[in-house]
Amino acid sequence: MIRAATLAFWSHWRRHPVQLLTLVLGIALATGLWSAVQAINAEARASYARAAAQLGADKFDRLSRSDGKPMSVAEYLTLRRAGWQVAAVLQGTLRVDGASVTLTGIDLVAAPDLPAIAEASADSRIAPLDALTAPGLLFANADLARALGDRPDLPPVIETALVPPRRILTDIGTAEAVLNSTGQISYLLVLPDQPMGRPPLTEIAPDLTQEAARGTQDITRLTDSFHLNLTAFGLLSFVVGLFIVHGTVGLSFEQRRPLIRTLRALGLPMRLLMRLILTELLLLALLGGVIGLALGYLVAAALLPDVAATLRGLYGAPAEGSVSLRPIWLVSGLGMAVAGTLLASAQTLWRLSRLPILAAPGKHRWSARPRAMRNQLLIGLAIVATGIVTFAVADGLIAGFALMAGCLLGAALALPPALAGLLVLGKQMARGPLAEWIVADMRTQLPGLSLALMALLLALAANIGVGTMVASFRLTFDGWLDQRLTSTYYVTARDDAQGTELANWLAPRSDAVLPIRSAEITTGTYPLFVYGIVDHDSYRRHWPLIAADADVWDRVMTGQAALINEQMARRDGLWPGSTVSLAPGWEMVVAGVYSDYGNPTGQAIVALDRLLAHFPDVPNTRFGVHLPADRAEQQAEALRAAFDLPPGAVIMQQGLKAQSRAIFEKTFLVTGALNVLTLGVAGFAILTSLLTLWSQRLPQLAPVWALGLTRSGLAWLELLRAVTLAAMTALLAVPLGLVLAWLLLSVINVAAFGWQLPMYLFPFDWVKLFALALLTAAIAAALPMLRLRRLPPAQLLKVFANEN
Amino acid sequence: MVAIGDPGLDSAACHAMFASGSNRKKRRTMLLTVDHVSKTYPGGRPVLRDASISLAQGESLSLTGESGSGKSTLLHLVAALDGFDAGEITFDGTSYATLDDSGRAALRRDRVALVFQQFNLIPSLTVAQNLAFHARLAGRHDPAWTTEITGRLGLSGVLGHYPEQLSGGQQQRVAIGRAMSVRPKLLLADEPTGNLDEVAASAVLDLMLELVRLSGTALLLVTHSQSIASRLDRQAHLSGGRVA
């Protein structure tokens, strides 16, 4: 019985191969983009974990001074002599090719089992002692190792994949020499296997406090928002894919209702029937899931290098750019495929399970029922209201995402009623029988196309929202670059001595030579860079202040106040008038806040003499040089020749801006790609809806054909209808997209990155997107249209057949 | 039983033989001539073989026959809904052989009207819109005529309703009204009462015949029922794709 019933039940797919393909592809698309995002997230998180594990340092507790000052060697020795198994760490920043990299020096005698150094030494066949004896060894990944290889002032570099990007690992002795910080210790690592009976910390080093192992916490916290953004995109695509599945499953069971009635009349129990259906759905979900995983792997592999670049650029997170197959990813991807398919089919299965045995084969409901429409509108508005209330009572990223999800989901649900309302207006304005029929017919098409149109709305709104955010960011960023990079060119010396020589050489040849000097201070959980500047008109005229007291520059330059970046201001709630602690025992009044896009860390600016008063040893190796642009290249060449500077030591302003813009564009390449993919999925949803509804359209079209319209004319009208519905959806997507853009710029960005951006409107982009939406709909409708044009009259005549 | 158009005469002047019941002969202007038409669907057996009928202006003719005898196909060919393999159809002086897809559509829109067994109303339009649809499509909407039809069909009270809100009899009356509103030269009806009970069928047929007579429209009606067929001017019987 089971075999016969299965064969009868599954014969449906033989007669409807396009429907089968649609269903499998719907599951595959839903799973594919979701899995791609999950693979990217998993890979990035694995990179952080790998970095922490290989470095070893983050898995140990730390000891540091409670006042934040560097520790002395004496304190280190006291602890060692008292039996504490600790290893000293000196951490600092090194400029390499114009960018900061973190150099971590660890006492390798005290912590000899550091995995990264042990394995890299073994791989490179280096004696462990070489890392300890002068000139020492630096361990860095391939890219950084190549850049460091050009620096004759540094010890030899061992290339190893085990050290994360933009980090250098070395012995503390080597670090002291490289960072010019002899005798300083940033913190101590508390090693495992501490002896019993060692004296408590409060007795032997009361100034020190023990901090629990940080693991990958900091990076995870920093990058969570980025991964949440990606997950939101993945979820959006997943939902759009499920729309396709929901529509196709619904139609397939609607068409099989006569068969189901017959099977039940022949004695097949409903329970067995439901088991057959579930088995069928499970098999299709697994098939779609496997295809989706393959798609997801390809998409992840294509996007991961850019994602890794973004994570490194925005957060300094040690992400790598290659994807590997993980069993948990495979299992969760298939799980999502199965769960999504069952979720999308639940309503249909529920109805089917309650179907009376002699229920007549259902006709597709063509008229948009006003009551159902009204209820759907109310539910949509209630979901939007829930999002608003959540946002009002909660704070931060989750509240922002709740509001975003509420707006998107609520608006999607409200779309069909809104379109129905517009069509009622259209019907009143329509003149002529064809126009009236077209508008009335579009209204009857709404229930069948609503899911696809909802998918299109979400995709378009995401495009407008993210597009507006990126374009606003780009515009702000360009202006900001012009404000921040005012020097004609920038030069980096090898060391302080050469820095002094450079400054002396440049002074008579330039309009101004502005030193760029900074100290890195670790306060609490994040690093702070304090810059010292000299008074110059370019700062006063151009610096991108977003909030400032009166006489801000006079107060800063006379040492009475400091400027801080926006990230720090928002994170710590510090605005003009507040007091900021720059270092232990050094507090200053905040006189202004400036925008500092792309910087993951806190930053403050003080007068140079104030910085030197607290940190007399900050390197004096970087300078911004002001002179007329037409003399810049010539002078830079002369400078390189006079001091034998490597190519990367002199960077022209235009080059730096171009480099920054390139990094910016790369950062948003991923969101752009996901935007296009989501729109593609929505277009596919329209295509599948039109194809699956094809057989039910003929009874609507045949009478009009019989009354004197050509098949070709009807086909064009079908295309017109699809494009018109897409156009109406696109128009409604504009306000929704702008709400989304505002949320991204003013809520999500602030919570995730710490900066707020002004919102600019780009109507020309909307026009382009509008055209793209119409094109998407036209492409999706083209196949059904061609099919109708070429349909033999005999097929249409079947609609009028009397003998059933 | 049925007059066969003389291929030697042109359609406007051809003579038809009328043999229904009385074997009377009349000389009339032929509106429709179906001349030795054959039709075979791809991969199937021939549906029509050498079928010939003719119909004069204002005349009514019933087509009867078994299921699958080709009567609906013949109706569809006359309506220019489908093409034929051999023979010739001439309607109102126009040979179908000269018509492309647009010409066929124009013919259906302007000069013939159809009533189907399944009503085939446009579900998204109200009764009033359905009634006027064909006439407006043809650019010949006459509100006074439509109002008269509406009144005669007893549909005045349901003009704002949608087809799904009507009974089968009412829907068929709307279909007849839609067809007659265009004042067609030829009304083609395919089992118009096949979906109705006896009482409703009789009422619908009465109304249709009344309107046909009122407007001087010719009628070609496909039916299984001999009693319905007998109410028309002439009868033709199809068997195995041939006019018997």
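Two strands are taken to pair if DSSP finds at least two bridges between them. In this predicted model, strand β3 (residues 30-40) of chain B and strand β6 (residues 86-91) of chain B run antiparallel and are joined by five bridges. Within this pair, the residue opposite L32(B) is F91(B) in β6(B). Both strands belong to an open sheet of four strands, in which the order is β4-β3-β6-β7 (chain B) and the pairing is antiparallel. The edges of this sheet are held by β4 (46-56) and β7 (94-95) of chain B; each has a single partner strand, so one side of each is left without a neighbour in the sheet.

Chain B also contains an open sheet of six strands, ordered β8-β9-β10-β5-β11-β12, and here the pairing is mixed. Its edge strands are β8 (112-115) and β12 (242-243) of chain B, each of which pairs on one side only. Inside the order, strand β5 (residues 60-65) of chain B pairs with strand β10 (residues 218-222) of chain B in the parallel sense, over four bridges. S60(B) has L219(B) as its bridge partner in β10(B).

In chain A, strand β6 (residues 167-171) includes T170(A). The relative accessibility of T170(A) is 0%, and because residues under 20% are classed as buried, T170(A) counts as buried. A polar atom of the T170(A) side chain lies 2.6 Å from the backbone oxygen of L137(A). L137(A) is also one of the residues that T170(A) touches when those up to four places away in sequence are not counted; the others are L103(A), T104(A), G105(A), I106(A), L138(A) and A175(A).

The model has four cavities of 30 Å³ or more, and the largest cavity holds about 120 Å³ of space. The elements of chain A that give two or more residues to the lining of this largest cavity are α23 (694-706), α24 (711-752) and α25 (763-789). The lining is made up of Q445(A), L690(A), W694(A), R697(A), E718(A), L719(A), R721(A), A722(A), A781(A), P784(A), M785(A) and L788(A). Sorted by class, the lining of the largest cavity comprises eight nonpolar residues, one polar residue and three charged residues.

Conventions. Residues numbered from 1 in each chain as written. Chains lettered and ligands numbered in written order. Predicted model: local features only at pLDDT ≥ 70, side-chain atom pairs only at ≥ 80, totals over all residues. Heavy atoms only, no water. 1 Å grid on protein atoms, 1.4 Å probe; cavity = no way out; pocket = protein on both sides within 12 Å on 5 of 7 lines; lining within 4 Å. Points joined across faces, edges and corners; volume = space filled by probe spheres on them. Nonpolar A, V, L, I, M, F, W, Y, C, P; charged D, E, K, R; others polar. Buried < 20%, exposed > 50% of the residue type's maximum accessible area, 1.4 Å probe, protein only. Polar contact = N/O pair within 3.5 Å; in protein donor to acceptor, adjacent residues only side chain to side chain. Contact = heavy atoms within 4.5 Å.
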